[in-house]
Structures are given as structure tokens and as C-alpha cells.
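Morning, everyone. Please have a look at it first.

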Amino acid sequence: MRACSALVCASFFALISIGFGYTSTADVRATWVPVQALQNRNISAYAKQLVQTGITDIFLDVWNDGVVYFPSPAMTRLLELNGGGSSSGGGGAIGPDYLSAFVAALAGVSGVRLHAWFEYGLMSAYGSASSNAFSQIAQQLGWTLGESGGYVWMDPRNDDVLAFLSDIMSDALRAAPNLTSVQLDDHFCLPSTFAWSNPEIVTTAARTVLARLPPGKVTLSPATITFALQQYNVNWKYWYATNIGFAVYYPQIYRTTASAFDSELDNTVTQLGSSKGVVAGIRSDGTPMTTWSEVELMLAKSSSAGVGIAIWDSESVAITYHEQLEKRWVGESEEESDPIPISSSSEEDSGSNGLAGPRPGVVIGI
């Protein structure tokens, strides 16, 4: 696929500048916060711990295993119309309002952008369709396709599915008007295990969702180019070249060694024909953990390639490599601050309600 033309690239960066308040993504230092990281935690302290490292962007998981973690009229309507609960209980599909908690925690903090990350995308459940209230309703409505890779998938050809996803994303933007973006990731896809699947279906679905959301407000964190196309029918190289509407791309270049990361980052930039609007996803957390020496080399490579970085996941930023990242990003010359205790001190802060699904594993070698 050809690289974007000069005109397309120019308009692409005008969009980024308007939507994000900066004309380059090279200085982005981001992380993803999965819902599981917030259980039994003092959320305000956890957010401050992330900020302390010099992070610039926080992607907060707000859609996980059939549960929204913010007030969503679209989810409430779906539940009430289909006997799945009310706004007060949500039938298990409306969880703690983590979005408002992070907005409050970041109030008055400058230089940090908050994004709502819709991790589950077109997945309705982990395991079986009966494992959560939302997925049961989705199955009853004919929204689901079946299981693949341990998850239940919704049909991207179904306009009601796309309308629901667009609606809950819009709800997040209304609930937190200062959100920098709403993000879809590698789970906005159609696994190739469905024999009839093809990339055109997902491209059409992407255009449909993007058309229903404000321009410049949607970002994407896909799998690597070849893996995304072959396994998930996601042709994001084409989306990038034609400026389909995603403001910034955060490809998940998840590798345990810097050499493998370097190779895939070079391949990504070469295939795209540019590093503009690209932020490299770096794998730190996982089994086994990526060592700090390898993470540090990945950070250096990203800097030399002119791309920003996003670390999987927030536990590495807030806890595991907190000290190392703070020294790198804030500077050794400044007085070091003591880590903030982030254990929950009250039931209200903990958000521990058992609603979150299992933490997805990190696939190496994609």
C-alpha cells in the first residue's frame, strides 16, 4: 500500500493539532490503565503516582467484559429495554464510575491528557456469552457471532452493534467533556477464524463508527500491521494512508527484547512511510516481565525514531519501574519525591466489586 500523499499527510496533522493541542506526537509518554489495576486501590493516589513519573497521557479502561465504568445512558437504555436491570443496578453492566474518579484526581494537573479506552471494542464477553448481563442481551438480540480466542465477538456488519458502540463512546465524551480522545484497540476487529471474514467489513465498520463521533476525537491502538491484517482483518496501514479518521495510532509493538522491538518499529515506520501521528506501544508488564534494561533501550529507540511511547501497562509506570521512569522523564536533578501509597484506604476508593473480567494476556511475536 502506498504511503500517504503530501496533501493527506498535511491534513492528517492539521487534525491532530486541532484535536490534541500539539502538532507532534514524538513527545507523548502514555500508559494504559486496565480496570483490574484499580480494584482495591485508592484511585486518586494511583493517578497521582502516574503523574509523578512525568506521564503525559493516560488511557483509562472504561469498557471491559460487558461493563462500562462511567454513567452511560446508552447502556442503561439497552438494559431497561431488554430486562437487564436499571440505572441503579445496571444488571452488572454498569460498574464504578472510574472515569469521574480520574477526572477528579487530575483536576488542576497540567500537562496530562486523559483518554477513555474502550478495551473490549467488539467483544461482548470473556469466556461464554452467558458470563455477563450485557453479553446475554447481545446474544438475544442477534448481535454476537460466537467465540474465538476465548472471547465472544459481536458482528461488525450489524448496524445496531456499531450504533451501540458509538453511543457508549459518545456517552463517555459527554460524561467527561475534556477527554482528549476515546480509543479503540486491537479488539475492534473481526477475527479471521470466521471463514467469511474480510478486511473490507472492518473498514466499513470503522468508517461507520468514526462518522458518528466528533472528528479528531478517536484514536486507535492496533496490533502490528501484518498481524492485524492476517489475524484480525484490520487494514490499518490503509486507514493511515487514506486518513480514515483516527487522529493518532498507537500500534502495540509488544516485544520482550529491544532488538525485536527495534525491528518491528522500523518495519512499521517503513510500511507507513512516516512516523508522524504514531506512538509506539511498549510491552513492560507481562509474563515474563520485560526487564528495565530492555525497556530503556526501547524508549531510546522510539526517541531516535521520532515517535512517542505508550507503556503497557500502568502497573509498570506506577509501581514496577516508577523510580526509573521518573528519573528519565522528570530528571535526576530535581528532588526525588516519595512514592505515594496507593493501597485503598476506604471501600469507596477501592472500586472492588468483582465486575472486571480477567486481565488479557500479552501475545508476544505479533
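**Confidence, core and rings**

The mean pLDDT of this protein is 87, and 82% of its residues reach 70 or more. pLDDT is the predictor's confidence in each residue, from 0 to 100. So this is a predicted model: local features need pLDDT of at least 70, side-chain atom pairs count only at 80 or more, and totals for chains, interfaces and linings use all residues. Residues are numbered from 1 along each chain as its sequence is written, and side-chain values use heavy atoms, with hydrogens and water left out.

Where is the confidence under 50? One stretch is residues 1-19. The model has 37 contacts for that stretch beyond four places in sequence; a contact means heavy atoms within 4.5 Å. Residues 343-366 are also below 50, with 64 contacts beyond near neighbours in sequence.

Now the overall picture. The secondary structure comes to 14 helices and 13 strands. These are DSSP runs numbered from the N terminus: helices are H or I with at least four residues, strands are E with at least two. Of the 366 residues, 56% count as buried. Buried means under 20% relative accessible area, exposed over 50%, and partly exposed in between, with a 1.4 Å probe and protein chains only. Take the contacts with a separation of 6 or more: residues 24 or more positions apart account for 79% of them.

Next, the core. In soluble globular proteins, nonpolar side chains tend to be buried together. Here the largest nonpolar core has 98 residues. By nonpolar core I mean buried Ala, Val, Leu, Ile, Met, Phe, Trp, Tyr and Cys residues joined through side-chain atoms within 4.5 Å. Phe102, Phe118 and Trp239 have the most contacts inside this core. Helix α6, residues 159-175, gives the most to it, with eight residues. A second, separate core has 12 residues, including Ala30, Trp32, Tyr250 and Val279.

Back to Phe102. What does Phe102 touch, beyond residues up to four places away in sequence? Among its partners are Val33, Leu38, Tyr46, Ile58 and Leu114.

On to helix α3, residues 73-81. Its buried residues are Ala74, Met75, Thr76, Leu78 and Leu79. Their cover includes β3, β4, α5 and α6. After α3 comes Gly83, with a positive phi near 65°.

Now the rings. There are 20 aromatic pairs. Rings of Phe, Tyr and Trp (its six-membered ring) pair if their centres lie within 6.5 Å; planes under 30 degrees apart are stacked, over 60 edge-to-face, and the rest tilted. Tyr69 and Tyr98 are stacked, 5.1 Å centre to centre, with 5° between the planes. Tyr69 sits in the loop between β4 and α3, and Tyr98 in helix α4, so the pair ties together parts 29 residues apart in sequence. Buried or exposed, Tyr69? Buried, at 1% relative accessible area. Tyr98 is buried too, at 2%.

Compare Tyr126 and Tyr151. Their ring centres are 5.2 Å apart and their planes at 70°, so this pair is edge-to-face. Tyr126 is in strand β6 and Tyr151 in strand β8, 25 residues apart. Tyr126 is partly exposed, at 38%, whereas Tyr151 is buried, at 12%.

Last, a cluster. Ring pairs link Trp236, Trp239, Tyr240, Phe246 and Tyr249. Trp239 is also one of the core residues with the most contacts.
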